[in-house]
Amino acid sequence: MNKQLIIISIACFLLKIPHSSAKENDCAQKMEQVQKLLEGTSPFKNPAKILQMVTSCAVSGDRIALNYLGMIYLKGYGVETDHTKAFKSFTKAAHAGNQVAQYNLGRMYKKGLGHTIDFEQAIAWFKKAAAGNNQRAMYELGSMYYKGYGVPQDYDQAVYWFQQSTFPMARHFLGLCYYLGYGVPKDEVKALDIFMHNPIGNSKAMVAYIQEGEHQKAEAAVEQALSQTLVSDSTYVSEDVVKKGSYTSATRTVAVEKLTGEWVGKLLQYDWSGNHIQRILPVAFSLENSKTRDEFIVKAIIDGQETETTAILREGNLYFENLVINLSKLYADKPNESSLVYRLLSTTFKKGGKPENTYLIGSIDAFIESWTEYGEPMAFILKPKSTEDSESDDEQMILSLKSQQDQFIKLYPVPFTDQLTVQYELKATGQVATELISLYGSQKISLQSGKLLSTGVYTQTYTGMSDLTPGIYVVRVAVDGKAYTRTIIKSN
């Protein structure tokens, strides 16, 4: 009798295998069909049919179907866009081992879709996808390190991930690294070889750009300006300040009455690390007091472009209402895009130099709308127009500061709508308070009251901001009473 039960059990078990395999084979066939429908060019696609096929297999736990279901809800294909449902589907598929879903889940964490922004989770899922040979995940990791997006800026790490990937944009950025000497020795021949064998328009545009020799002209102009620099008075600037590009020990916050007047000088544009000046442009500023003591009418000429706006001075920071300039791209790596529109949000003006020969220096927050992110680090160097024709060792001294200070605060996304992520690094234990302040309104939100924090990198995401009035806002982080600020735009 026992022998009969064993035989019956084995028979039942074996009967289940074909059923399961048949279901898996059915889903595999359905997903192949879905892929053809989604990637095909036919205008007669049936979103309802695709959703039905995907859902039936997703319910059974098919990881490919779960990933497709996430994409359907993410893109709103035949359904209402639903980031929460997309996030849940990607999560299930990612945990089931689908490397495409792992990449997609990393993107959701990075962008704050269906979940608050979480860079640690984004990096973790990108690395899991990369371990599964997902080429886009490798590129994503490289691009984050290249610009310092959510992670410390690091060209070495960027190059490492770009080298691992065959994704065309990863190859393109690897070519840029060789061309510009970022993380690897500068090698134009190798860069050209990468660009010429990379089948995308960005790389083709770079081939033409290199052959025209435009970048060499820009480099030559920068080198000429830097070759004239002098550091003649160590009373005002120490050797340590020059090496590190630190302005604090050499400068003082500028008073309102000392800011008014006409100024001339330079706009310096750095690379993403802030260690190399890539471009120097002529600048002229006229600052006149407006309605109140700390409000100004600003007339600016930057690289020959005239513009006028209003500005407010707060804690040494000059916040521009609408200062927009169109600058040619540092390198032409995108077809039909030879320039970028920068919106200069604010500058932290400091006053330095000898009493009889002063200058203003200021790091700049610049936002590129087409990128929906901050641009490369920038800085102003200005001196009174009355000294325009005189030799200025002070201006030359500042030009010798070849590196730009890191921004203490990093903000994501730019612009923000409902959620805002604030990231900063404490070098020592301190009492920290964070505020969000409307520049031209009365809104002021305490994001974090005074709290004792130890050393380390802090990433804090705040939600429920969709009802805030659109406009310019300032994030203020006070550490033991010392204020650090960063400017950001709130959109609808």
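I take buried to mean under 20% relative accessible area, exposed over 50%, and partly exposed in between, with a 1.4 Å probe and protein chains only. The model is predicted: local features need pLDDT of at least 70, side-chain atom pairs count only at pLDDT 80 or more, and totals for chains, interfaces and linings use all residues. Residues are numbered from 1 along each chain as its sequence is written, and side-chain values use heavy atoms, with hydrogens and water left out.

**Entry 1: cysteines**

I looked up Cys57 and found it buried, with a relative accessible area of 1%. Cys27 also counts as buried, at 4% relative accessibility. For Cys177 the relative accessible area is 0%, so this residue is buried.

I then searched for disulfides (pairs of cysteine sulfur atoms within 2.5 Å). The structure holds one. Cys27 and Cys57 form it, with their sulfur atoms 2.3 Å apart. The disulfide is left-handed, because the torsion about its S-S bond is about -105 degrees. Cys27 lies in helix α1 (residues 2-39) and Cys57 in helix α2 (residues 47-59), so the pair ties together parts that are 30 residues apart in sequence. Helices (H or I, at least four residues) and strands (E, at least two) are DSSP runs, numbered from the N terminus.

**Entry 2: second largest pocket**

I looked up the second largest pocket and noted about 1,200 Å³ of space in it. Its lining has 40 residues, and the closest to the centre are Lys110, Tyr139, Lys147, Trp371 and Glu373. A pocket here is an open set of points on a 1 Å grid over the protein atoms alone, where a 1.4 Å probe fits, with protein on both sides within 12 Å along at least five of seven lines; lining residues have an atom within 4 Å of a point. The volume is the space filled by probe spheres set on the points.

Which helix supplies the largest share of the lining? I found that α7 does, with seven residues. The elements that each supply at least two lining residues include α5 (99-111), α9 (168-180) and β7 (339-354). By class, I recorded 19 nonpolar, eight polar and 13 charged residues in this lining.

**Entry 3: four-stranded sheet**

I traced an open sheet of four strands in the order β14-β13-β16-β17, with antiparallel pairing. Its edge strands, each pairing on one side only, are β14 (444-453) and β17 (482-490). From one strand to the next, the twist averages 15 degrees, with axes fitted to C-alpha atoms and angles running from 0 to 180 degrees between N-to-C directions.

I followed β16 (residues 471-479), which pairs with β17 in the antiparallel sense over nine bridges; two strands pair if DSSP finds at least two bridges between them. Val474 stands opposite Thr487 in β17.

Notes. Nonpolar A, V, L, I, M, F, W, Y, C, P; charged D, E, K, R; others polar.
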